[in-house]
Amino acid sequence: MIPLIQVLFFSLSVLVLNPDNPKLEIQINQAKSDKGMIRVLIFSKETGFPDQPTKALKSLSISPKNKSGLLSVTDLPPGRYAVSVIHDEDNDGKLTTNAVGYPTEKFGFSNNPKVYFSPPSFEKAAFELQSESKRIEINLR
(Lines give C-alpha, C1' and ligand atoms only; values in the text may rest on other atoms or scores of the structure.)
Protein backbone atom coordinates (compact mmCIF):
# COMPACT_ATOMS: atom_id res chain seq x y z
CA MET A 1 0.00 0.00 0.00
CA ILE A 2 2.78 2.43 0.84
CA PRO A 3 4.53 1.99 -2.56
CA LEU A 4 1.21 2.78 -4.29
CA ILE A 5 0.86 6.00 -2.28
CA GLN A 6 4.46 6.93 -3.09
CA VAL A 7 3.85 6.38 -6.80
CA LEU A 8 0.69 8.51 -6.72
CA PHE A 9 2.43 11.26 -4.77
CA PHE A 10 5.39 11.28 -7.18
CA SER A 11 3.09 11.39 -10.22
CA LEU A 12 1.08 14.30 -8.83
CA SER A 13 4.19 16.23 -7.82
CA VAL A 14 5.62 15.90 -11.34
CA LEU A 15 2.39 17.30 -12.80
CA VAL A 16 2.29 20.22 -10.34
CA LEU A 17 5.99 21.09 -10.34
CA ASN A 18 6.63 20.61 -14.06
CA PRO A 19 3.66 22.00 -15.95
CA ASP A 20 4.16 21.31 -19.63
CA ASN A 21 2.65 24.31 -21.36
CA PRO A 22 1.85 24.03 -25.06
CA LYS A 23 3.81 26.10 -27.57
CA LEU A 24 1.96 28.81 -29.47
CA GLU A 25 3.61 29.79 -32.75
CA ILE A 26 2.43 33.03 -34.33
CA GLN A 27 3.30 33.47 -38.01
CA ILE A 28 2.88 37.09 -39.11
CA ASN A 29 2.69 37.75 -42.86
CA GLN A 30 2.55 40.71 -45.23
CA ALA A 31 4.42 43.42 -43.32
CA LYS A 32 4.98 46.52 -45.43
CA SER A 33 8.78 46.37 -45.11
CA ASP A 34 11.55 45.16 -42.81
CA LYS A 35 11.68 48.52 -41.00
CA GLY A 36 10.60 49.03 -37.41
CA MET A 37 9.13 46.33 -35.19
CA ILE A 38 6.21 43.93 -35.26
CA ARG A 39 4.32 44.45 -31.98
CA VAL A 40 2.21 41.57 -30.64
CA LEU A 41 -0.34 41.72 -27.82
CA ILE A 42 -1.82 38.53 -26.37
CA PHE A 43 -5.06 38.83 -24.40
CA SER A 44 -6.80 36.23 -22.25
CA LYS A 45 -9.97 38.32 -21.83
CA GLU A 46 -11.79 41.06 -23.69
CA THR A 47 -10.75 43.85 -21.33
CA GLY A 48 -8.33 46.09 -23.24
CA PHE A 49 -8.48 44.11 -26.49
CA PRO A 50 -7.07 44.93 -29.02
CA ASP A 51 -4.93 47.98 -28.30
CA GLN A 52 -4.18 48.42 -24.59
CA PRO A 53 -0.76 46.91 -23.82
CA THR A 54 -1.19 47.42 -20.07
CA LYS A 55 -4.22 45.09 -20.09
CA ALA A 56 -2.63 42.46 -22.32
CA LEU A 57 -1.41 39.22 -20.82
CA LYS A 58 1.77 39.53 -22.92
CA SER A 59 3.34 42.28 -24.98
CA LEU A 60 6.09 41.14 -27.36
CA SER A 61 8.10 42.66 -30.21
CA ILE A 62 10.12 41.13 -33.03
CA SER A 63 12.00 42.54 -36.00
CA PRO A 64 10.44 41.76 -39.38
CA LYS A 65 12.49 39.72 -41.83
CA ASN A 66 11.41 39.34 -45.45
CA LYS A 67 8.22 41.24 -44.54
CA SER A 68 7.17 38.60 -42.01
CA GLY A 69 7.88 37.32 -38.53
CA LEU A 70 7.61 34.17 -36.45
CA LEU A 71 7.11 34.24 -32.71
CA SER A 72 7.09 31.24 -30.35
CA VAL A 73 5.43 31.56 -26.94
CA THR A 74 5.94 28.69 -24.51
CA ASP A 75 4.72 30.05 -21.19
CA LEU A 76 0.96 30.22 -21.81
CA PRO A 77 -1.23 27.67 -20.05
CA PRO A 78 -4.08 26.12 -22.02
CA GLY A 79 -6.92 28.62 -22.37
CA ARG A 80 -8.75 31.08 -24.63
CA TYR A 81 -6.68 33.85 -26.20
CA ALA A 82 -6.86 36.59 -28.83
CA VAL A 83 -3.88 38.25 -30.51
CA SER A 84 -3.52 41.69 -32.05
CA VAL A 85 -0.53 42.75 -34.14
CA ILE A 86 0.76 45.97 -35.63
CA HIS A 87 3.73 46.59 -37.89
CA ASP A 88 5.17 49.60 -36.09
CA GLU A 89 7.18 50.71 -39.08
CA ASP A 90 8.19 54.07 -37.58
CA ASN A 91 9.07 52.37 -34.27
CA ASP A 92 7.10 54.82 -32.12
CA GLY A 93 5.35 52.11 -30.08
CA LYS A 94 1.84 52.71 -31.40
CA LEU A 95 -0.35 52.31 -34.47
CA THR A 96 -0.02 55.42 -36.62
CA THR A 97 -3.27 56.74 -38.12
CA ASN A 98 -4.21 59.48 -40.56
CA ALA A 99 -6.31 62.59 -39.80
CA VAL A 100 -9.59 60.65 -39.84
CA GLY A 101 -8.24 57.81 -37.67
CA TYR A 102 -7.62 55.21 -40.38
CA PRO A 103 -4.41 53.22 -39.75
CA THR A 104 -1.46 54.04 -41.97
CA GLU A 105 0.56 51.14 -40.55
CA LYS A 106 -0.41 47.52 -41.09
CA PHE A 107 -2.35 45.59 -38.43
CA GLY A 108 -3.95 42.20 -37.94
CA PHE A 109 -5.72 39.86 -35.52
CA SER A 110 -5.86 36.16 -34.76
CA ASN A 111 -8.44 34.37 -36.94
CA ASN A 112 -7.98 37.15 -39.54
CA PRO A 113 -11.54 38.49 -39.05
CA LYS A 114 -12.96 41.04 -41.46
CA VAL A 115 -12.45 44.61 -40.29
CA TYR A 116 -14.82 47.33 -41.43
CA PHE A 117 -15.09 50.49 -39.34
CA SER A 118 -13.78 49.25 -36.01
CA PRO A 119 -11.54 46.50 -34.64
CA PRO A 120 -13.07 43.05 -34.19
CA SER A 121 -14.38 41.89 -30.84
CA PHE A 122 -12.35 39.60 -28.60
CA GLU A 123 -14.76 36.79 -29.49
CA LYS A 124 -14.12 37.10 -33.24
CA ALA A 125 -10.36 36.91 -32.70
CA ALA A 126 -10.38 34.33 -29.90
CA PHE A 127 -9.03 30.80 -30.24
CA GLU A 128 -8.44 27.87 -27.91
CA LEU A 129 -4.95 26.84 -26.92
CA GLN A 130 -5.19 23.30 -25.65
CA SER A 131 -2.57 20.93 -24.31
CA GLU A 132 -0.94 20.41 -27.72
CA SER A 133 1.06 23.06 -29.58
CA LYS A 134 -0.78 25.39 -31.95
CA ARG A 135 0.28 27.53 -34.89
CA ILE A 136 -1.72 30.53 -36.03
CA GLU A 137 -1.17 32.82 -39.00
CA ILE A 138 -1.99 36.50 -38.98
CA ASN A 139 -2.10 38.36 -42.28
CA LEU A 140 -1.45 42.06 -41.84
CA ARG A 141 -3.65 44.49 -43.77
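## Pocket lining

The lining of the largest pocket comprises 15 nonpolar, 8 polar and 3 charged residues. The model is predicted. The volume of this largest pocket is about 620 Å³. Its lining has 26 residues, and P50, D51, I86, L95 and F107 lie closest to the pocket centre.

Four strands each give at least two residues to the lining of the largest pocket: β2 (37–43), β3 (58–62), β5 (79–88) and β6 (107–109).

## Fold and surface

The protein chain contains 2 helices and 8 strands. Along the sequence they run α-β-β-β-β-β-β-α-β-β. Take the contacts between residues at least 6 apart in sequence: 70% of them join residues at least 24 apart.

The chain has 141 residues, of which 37% count as buried.

## Nonpolar cores

In soluble globular proteins, nonpolar side chains tend to be buried together. Here the largest nonpolar core holds 19 residues. L24, I26, I28, V40, I42, V83 and V85 have the most contacts inside this core. At least two core residues come from each of β1 (24–29), β2, β4 (69–73), β5, β7 (127–129) and β8 (134–139).

A second core is separate and has 11 residues, including L41, A82, F109 and A126.

## Contacts of I26

Which residues does I26 touch, leaving aside those up to four places away in sequence? The list is V40, I42, G69, L70, L71, V83, I136 and I138. Of these, V40, I42 and V83 are, like I26, among the residues with the most contacts inside the largest nonpolar core.

How values were computed. Residues numbered from 1 in each chain as written. Predicted model: local features only at pLDDT ≥ 70, side-chain atom pairs only at ≥ 80, totals over all residues. Heavy atoms only, no water. Buried < 20%, exposed > 50% of the residue type's maximum accessible area, 1.4 Å probe, protein only. Contact = heavy atoms within 4.5 Å. 1 Å grid on protein atoms, 1.4 Å probe; cavity = no way out; pocket = protein on both sides within 12 Å on 5 of 7 lines; lining within 4 Å. Points joined across faces, edges and corners; volume = space filled by probe spheres on them. Nonpolar A, V, L, I, M, F, W, Y, C, P; charged D, E, K, R; others polar. Core = buried A, V, L, I, M, F, W, Y, C linked by side-chain atoms within 4.5 Å.
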